[in-house]
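Please open the model in a viewer and keep the selection tool at hand. The stops below are meant to be visited in order.

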Amino acid sequence: MQLNMIVAGVGGQGSVLASHIIAEAAIAHGLAVRVGETFGAAMRGGAVASHVRMGDVASPLVKKGGADAILALEPLEGLRVGVDYLSPEGIVILNTCPNYPVDTSIGVFPYPPLERIQADLRSLGKTVYAFDATELAIQAGNARTLNAVILGALAGTGLLPFSAQILEEALAARVPASSLESNRAAFRLGLQRLEELKKGA
Amino acid sequence: MNVISLNQPGRRALLMGNEAIARGALEGGLELAAAYPGTPSSEVVEALYEARRDRDFYVEWSINEKVAFEVAYGASLVGARCLCAMKNAGFNWVMDTFMTISYTGCKAGMLIVVADDPDAHYSSNEQDTRVAAEYNRLFCFEPSNQEEARQMAAASFQISEHLELPVFLRSVTRISHASGDVTLGILPEVQNRHQLGFNKHWKLPYRWNVYGPPGAVAKHDWLLSRGALMDEIAATSSFNRLTPSPSRIAVIASGLGASYADEALTNLGLLGVVQYLRLGIAYPLPNAALRQIFATTDVVVVIEEGDPMVERQVLRLAQAEDFRGKILGKDSGLLKPTGEINTDLAEEALAKATGNLTARGNLTGLPAGGLSSVTARGNLTGLPAGGLSSVTARGSNLTARGSVSLDATMSRGELRAEIKPRITPRSSTLCAGCPHLGSYWGLKKVLNRQSEDAIVNGDIGCYEQAGYGLFTKKDLASPEDSKRYPILSPYTILDTLYVMGSGIAMAQGQAQIGYPGKCLAVAGDSTFFHATMPALANAVANQADIAFLILDNSWTAMTGHQPSPTSCRNALGNPATRLSIEKVVEALGVHDLHIVAPYDVKAVEGAVDKALAFHGPSVVLARGECMLQVIRRTKRRWQTTVVTEGCTGCKTCLQLGCPAITFADEKAGIDRLLCVDCGLCSQVCPFHAILGGK
């Protein structure tokens, strides 16, 4: 068994932590894991892609066209990773709330339309679950729980070889006590939203 | 007048090897030389100081080899032919810069002279620095005598400019410190200076920024692409000479080793009898000559001073060519691997290597079996039984397999190619509220206002992002010098970027050679202590007219907020001694020091103005703690900064480069999640339309 995922986002969004939480849950479930972080630049604000692999894995990086899931904390970053790595059978969890690169803010490069990003990802993979995860994080009481929303959504896909509870406990073990409640709430909102989307789809 | 600066072409003179190198460099049009003394290399620059009395060029004793190397390199980038000389151990100080500048190459010719010291006469080791030239894929001269040293030094600048890479000249004690008969060449007119100029996108975009787009790996590819040009020179240069013969023995000797081989072969009566490849270029080797040797010999003897550097290159090609004969040298045990060699040792080795074959009568002509046995051997060592057809067959199998998988992914490949142009690049930025944003804003204002020709040399740390550009244009490359590129954002301020401490020394090379614009450098507090103090001392000692901006954010922030000597606490969080940058700067002899707060952009502007007006080394110390640290410690409050109705959509605030500033529907906006109320944007808004913050 092998499960290959990539968490994509912008530095500071918590994508690296999210990938570690998934990996810790996998370890709790008795699986071998590899997490390979590939930073655009070791800085805030840059593109970050964190490869999470579990099962019969040896190397730190997902093969091109080999990602079973892409967890996109930011839409453009989802496409940046998806274009090369998404498997034709793969799914995408896509936060639709953009984080505009400075390149766009200063008017040098336009940001692609959200519909275009989703359409491109659909042409590359099997299913795209798109929703405003940032909005859910704010509902949960803390915009910084965006990564927890995405983790909840991942648990809702049924892709993981372990239960949502194992993932939620791995999350709880890694966040500060002060934001534990908001993180749990965010996780559940994400899980719930994904289940709704699955029913709709 | 010193013989080094005598313009009497054809005159013969006795010169020390180091003097011959200096003379050759002057004949080649040297304009700037920098070195730190080290035996056996010191006389290169000593001779140049003598010549300086008669000729106009710049020469300095630098604070150390790394600084000297960077001073020279800085001068090359503005168009001055330059030389840097050092000893073997001194070269180790230079490795960081050496290994990195090759990715971007140089502009005006650059000659790196390293005098090795086999037998450790004056040194703590016997290291062979030719290995570094090969490691770094740089063209490497190795003279066999003083006259060759002069000729090679004279030829270096043109070769360097042809390759757009520095040329390495490896001497040894018995070349550098020995003297020989040299025939003087023509000294160019003193006025024959290159037009000084600077173009940050010279021929390639972000040419002088090793991290700049399209990135260090692409620049590494560029370096490797120069190999073909080097091979061409190695194949045709008169510094390499192959003397063929019907013998099935070949001797390959390089540099000083060739002078020993010349004598040893003569003494043994073998000169002109065996095949002899005499090398003046230790990297790259002339492959065609080697192939000819492999095709016609059974034994190859390699004689060289130092490590088996040529021998290993010969072995590598021999394997690729399926050469079945013997290759004898230091790795094979024919010659001892340590200490110096000499004529006796070379003679002994050659006698041993050729002895058995002489006994078999194999030495001077065709093998006993005549041509037929050569052909037979040729078959043995050549292609497999099936000949070319079997190779081709294997090749086509590979191709066939390749195209099967390619067909399967073809539509997906096309899909990817169709999508990729839509993916907006995401340039990394400084953080919202970063103190460097204020420092760079002030610097940019001054540069755009008063000093268009300025060169800003970067360094390693968060602030290096000021050199990454924002992928603003794809067609920046231009061969024109002094081409102006407007500074659109803080991310296009830096013009050069290499390694820790390189910026401030490169600025000195540019200033000292007389570049007409201002020469600046930037470094952070951690980099200041790591690598720039010797360079700052150099600026004072040699009175370089540079401005040095120290961006003190009190942490080694880029790598994850490790403490720096200005953090006031150690990695355990306990109080620690704070080192004073300003006291160090003053103690190093800087008289023009301005300390400012980066969150006051007018103050930064004023300080930079004053520093640029000062003649001599000046320092602007912009001190503001890393905003991420401040936020972590103080627990961030909800931000108050807002864009009011007064916003005209002029986009001035965007040029601050803060990631918290957005722009939509012709109005600026503030990203509430990122903003930390630093107040910089309200200072830069010309319509006072941004309120709140500090």
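Helices (H or I, at least four residues) and strands (E, at least two) are DSSP runs, numbered from the N terminus. This is a predicted model, in which local features need pLDDT of at least 70 and side-chain atom pairs count only at pLDDT 80 or more, while totals for chains, interfaces and linings use all residues. Residues are numbered from 1 along each chain as its sequence is written, and chains are lettered from A and ligands numbered from 1 in the order in which they are written.

**A serine in chain B**

Select Ser439(B), which lies in helix H16 (residues 435–450) of chain B. Two residues are in contact if their C-beta atoms, placed from the backbone, lie within 7 Å.

**The domains of chain B**

Colour chain B by its assigned domains: domain 1 (3–189), domain 2 (240–381), domain 3 (435–633) and domain 4 (639–691). These bounds come from an automatic or database domain assignment. Taken over C-alpha atoms, the centres of domain 2 of chain B and domain 3 of chain B are 55 Å apart.

Most residues other than glycine have a negative phi, and most peptide bonds are trans. Select Pro213(B) and Pro214(B), which are joined by a cis peptide bond with omega of about 5 degrees. Pro214(B) sits in the loop between strand S8 (179–183) and helix H8 (216–225) of chain B. Another cis peptide bond, with omega of about -10 degrees, joins Tyr283(B) and Pro284(B). The loop that holds Pro284(B) runs between strand S12 (281–283) and helix H11 (287–296) of chain B.

Go on to Arg137(B), whose phi is positive, near 55 degrees. Arg137(B) is in the loop between helix H5 (130–135) and strand S6 (140–141) of chain B, and is partly exposed because 17 C-beta neighbours lie inside 10 Å. Asp322(B) also has a positive phi, about 60 degrees. Look for Asp322(B) in the loop between helix H12 (309–320) and strand S14 (326–328) of chain B; Asp322(B) counts as exposed, with 12 C-beta neighbours inside 10 Å.

**Where the chains meet**

Show both chains: 33 residues of chain A are in contact with 26 residues of chain B. On the chain A side, the elements giving two or more residues are helix H2 (75–85), helix H3 (102–105) and helix H4 (114–124). H2(A) contributes the largest share, five residues.

**A helix pair in chain A**

Finally, select helix H6 (residues 146–157) and helix H7 (residues 164–174) of chain A, which pack at an angle of about 160 degrees with their axes 9 Å apart. Axes are lines fitted to C-alpha atoms, for helices over the stretch in contact, and angles run from 0 to 180 degrees between N-to-C directions. H6(A) and H7(A) are therefore roughly antiparallel, a term for angles over 145 degrees, where under 35 is roughly parallel, 65 to 115 roughly perpendicular and the rest oblique. Ala148(A), Leu151(A) and Ala155(A) of H6(A) make the contact with Ala164(A), Leu167(A) and Leu171(A) of H7(A).

Definitions and conventions: A residue is buried if 20 or more other C-beta atoms lie within 10 Å of its own, exposed if 12 or fewer, and partly exposed in between; C-beta atoms are placed from the backbone.
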